[in-house]
Amino acid sequence: MKEKVNIVVMVDAVGALSDRTLHNGNLSLVDDSTAGSQHQGTPDLVTAVVPGQVVHWTPIHVDVQTPVEIHSIEFLSGAVVPPPDETTGQAAQPYPVEASVVPAAGVDATASNGRENHDLLVWEGVVPYDMVPGVPYRYRLSLRLHEGPNSVLHIDSPALLRV
């Protein structure tokens with residue numbers, strides 16, 4: 001198993017700001033997990049992970065004029081009911097966890113010898129060993145699209161799944 005898994009957060013910022021939602025094709029999540037993730041390319045990505053593995057979230061904007069950054073990632077504790085399991089038809093209940101993902105320490109997306117740097121700010125977290133196998137851990141992914149009072153949008157549909 002790989003030491004880290006990368007989740008790419010691709011955002012159509014113009015579409016998301018116009019629609020005021022990250023749904024409607026405005027968000028696509030993909031990962032490089034080799035453990036069998038589900039719903040690749042959708043906002044409902046369930047990333048297969050193992051304890052101790054590092055998870056990197058990287059935002060990419062498809063509109064070159066509107067910047068996108070991860071505002072926060074917060075693990076939910078039962079607030080959202082996961083979708084039904086495709087084999088049994090029964091919903092798996094999320095396991096309560098504390099919000100514990102923080103931006104990678106020391107990362108400054110604007111530090112580039114005095115020039116603007118378009119390198120992306122990567123968020124990083126480590127998969128805890130006490131995750132229950134087979135239970136999706138839903139998280140709220142909040143994205144900042146440009147600036148202004150309505151610039152932060154979020155979704156509660158992606159998850160990490162210990163395999």
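The structure is a predicted model, in which local features need pLDDT of at least 70 and side-chain atom pairs count only at pLDDT 80 or more, while totals for chains, interfaces and linings use all residues. Residues are numbered from 1 along each chain as its sequence is written, and side-chain values use heavy atoms, with hydrogens and water left out.

**Exercise 1. Work out which aromatic pairs tyrosine 139 forms with tryptophan 57 and phenylalanine 75.**

Step 1. Rings of Phe, Tyr and Trp (its six-membered ring) pair if their centres lie within 6.5 Å, and planes under 30 degrees apart count as stacked, over 60 as edge-to-face and the rest as tilted. By this rule the count comes to two aromatic pairs.

Step 2. Tryptophan 57 and tyrosine 139 are edge-to-face, with 5.6 Å from centre to centre and 80 degrees between the planes. This pair links distant parts of the chain, since tryptophan 57 belongs to strand 4 (residues 54-61) and tyrosine 139 to strand 8, 82 residues apart; strands here are DSSP runs (E, at least two residues), and helices are runs of H or I with at least four, numbered from the N terminus.

Step 3. Phenylalanine 75 and tyrosine 139 form a tilted pair, at 5.5 Å centre to centre and 55 degrees between the planes. Here phenylalanine 75 is in strand 5 (residues 68-75), and 64 residues separate the partners.

Step 4. Trp57, Phe75 and Tyr139 therefore belong to one aromatic cluster. Tyrosine 139 is buried at a relative accessible area of 0%, where buried means under 20%, exposed over 50% and partly exposed in between (1.4 Å probe, protein chains only).

**Exercise 2. Find which residues touch the most other members of the largest nonpolar core.**

Step 1. A nonpolar core is a set of buried Ala, Val, Leu, Ile, Met, Phe, Trp, Tyr and Cys residues joined through side-chain atoms within 4.5 Å.

Step 2. The largest such core has 29 residues, of which Trp57, Leu141, Leu143 and Leu160 touch the most other members. Strand 8 gives the most to this core, with five residues.

Step 3. Leucine 160 has contacts (heavy atoms within 4.5 Å) that include Trp57, Phe75 and Tyr139, when residues up to four places away in sequence are not counted.

**Exercise 3. Determine which salt bridges arginine 144 and arginine 140 form, and what arginine 138 has in place of one.**

Step 1. A salt bridge is a side-chain nitrogen of Lys or Arg within 4 Å of a carboxyl oxygen of Asp or Glu, and the count comes to three.

Step 2. Arginine 144 meets glutamate 69 at 3.8 Å, N to O. Arginine 144 lies in strand 8 and glutamate 69 in strand 5, so the pair ties together parts that are 75 residues apart in sequence.

Step 3. Arginine 140 meets aspartate 156 at 2.7 Å, N to O. Arginine 140 is partly exposed at 24% relative accessibility, whereas aspartate 156, at 18%, counts as buried.

Step 4. Arginine 138, in strand 8 (residues 136-145), is buried yet has no salt bridge, and the nearest side chain of opposite charge, aspartate 44, is 5.9 Å away. The side chain of arginine 138 does reach the backbone oxygen of serine 157, at 2.3 Å.

Methods
Lys, Arg positive; Asp, Glu negative; His and termini not counted. Polar contact = N/O pair within 3.5 Å; in protein donor to acceptor, adjacent residues only side chain to side chain.
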